[in-house]
Amino acid sequence: MQSSSSGSAQKQNPAAPAPSPAAVSDSTAQSTTPAGSTASGSSAEIAKPAAAAGEKPLAPEKNPLGDIPDTQAFVAFTSAEGGYSLDVPEGWARTDNGADVQFVSKLDGLSVQINSPAEAPTADSIKKSLAAALVKNGRAVKINSVKEVSLPKGKAVVIAYSSNSDPDSVTGKQVRQENENYYYYNNKKLAVLTLWAPLGADNVDQWKRMSESFRWTGQ
């Protein structure tokens, strides 16, 4: 099943830390669409509260939630405006912002942001710029690795890191989470796929499926 995004594009910093369910404000939550269904008219802004300076890393949950079930169904999502496609979990709440999109389910989520850098990033350039910006601007970010990977649809650079989540909009609770940012570059367009879940969740196979399914369309 396919669905496409619509509305005006708002460029975002590719180095921005992983958003979380709490990143979607009340107003944007009203515009979410379950994955696998067709988006309605106007797009919603994917907002994110500012990180607190000097925020300390949280301890992981003893019984972390966030495992995506092995039986989870996936559907193909295509962004005509962004010119990309990937598999996403069916039923996750979707928020569009022009070429960018976010899907969330409880403490799990993924987002895709499109930017237009002049040059293709490398592992070294990402270490010096985007990874450094994550540490500076994120919530107690700890970088685990930055490396180039070969995927079925081409090469990408991936940052693996842990961070604190944004505070829940109702309870204010935060959790320690693990994240992976995949950087796909093609013809002066950069797509940043961010995956996040509570630290300790077992989503290796599901994250592998989503990251390997990303492809540029119209080629």
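Q: What pLDDT does the protein average, and what share of the residues score at least 70?
A: The average is 81, and 74% of the residues score at least 70. pLDDT is the predictor's confidence in each residue, from 0 to 100. This is a predicted model, in which local features need pLDDT of at least 70 and side-chain atom pairs 80 or more, while totals for chains, interfaces and linings use all residues. Residues are numbered from 1 along each chain as its sequence is written, and side-chain values use heavy atoms, without hydrogens or water.

Q: Which stretches have a pLDDT below 50?
A: Residues 1-31 do, and so do residues 37-44. Where pLDDT is low, the predicted coordinates should not be read in detail.

Q: Why is Phe 77 called buried?
A: Its relative accessible area is 1%. Buried means under 20%, exposed over 50%, partly exposed in between (1.4 Å probe, protein chains only). Phe 77 therefore qualifies as buried.

Q: Why is the Phe 77 and Phe 103 pair called edge-to-face?
A: Its planes stand at 80 degrees, with 5.3 Å centre to centre. The angle is over 60, so the label applies. The pair joins strand E2 to strand E5, 26 residues apart.

Q: How do you know that Arg 139 and Asp 166 form a salt bridge?
A: A salt bridge needs a side-chain nitrogen of Lys or Arg within 4 Å of a carboxyl oxygen of Asp or Glu. The N to O distance is 2.8 Å, so the pair passes. Arg 139 also bridges to Glu 55 at 2.7 Å. Shared partners join Glu 55, Arg 139 and Asp 166 into one network.

Q: Why does Arg 209 count as partly exposed?
A: Its relative accessibility is 40%. Arg 209 forms a salt bridge with Asp 87 at 3.3 Å.

Q: What makes a set of residues a nonpolar core?
A: Its members are buried Ala, Val, Leu, Ile, Met, Phe, Trp, Tyr and Cys residues joined through side-chain atoms within 4.5 Å. The largest one here has 29 residues; Tyr 84 and Leu 110 are among those touching the most other members. A second, separate core of 13 residues includes Ile 126 and Tyr 161.

Note on methods: Phe/Tyr/Trp six-rings, centres within 6.5 Å; stacked < 30°, edge-to-face > 60°. Helix = DSSP H or I, 4+ residues; strand = E, 2+ residues; numbered from the N terminus. Contact = heavy atoms within 4.5 Å.
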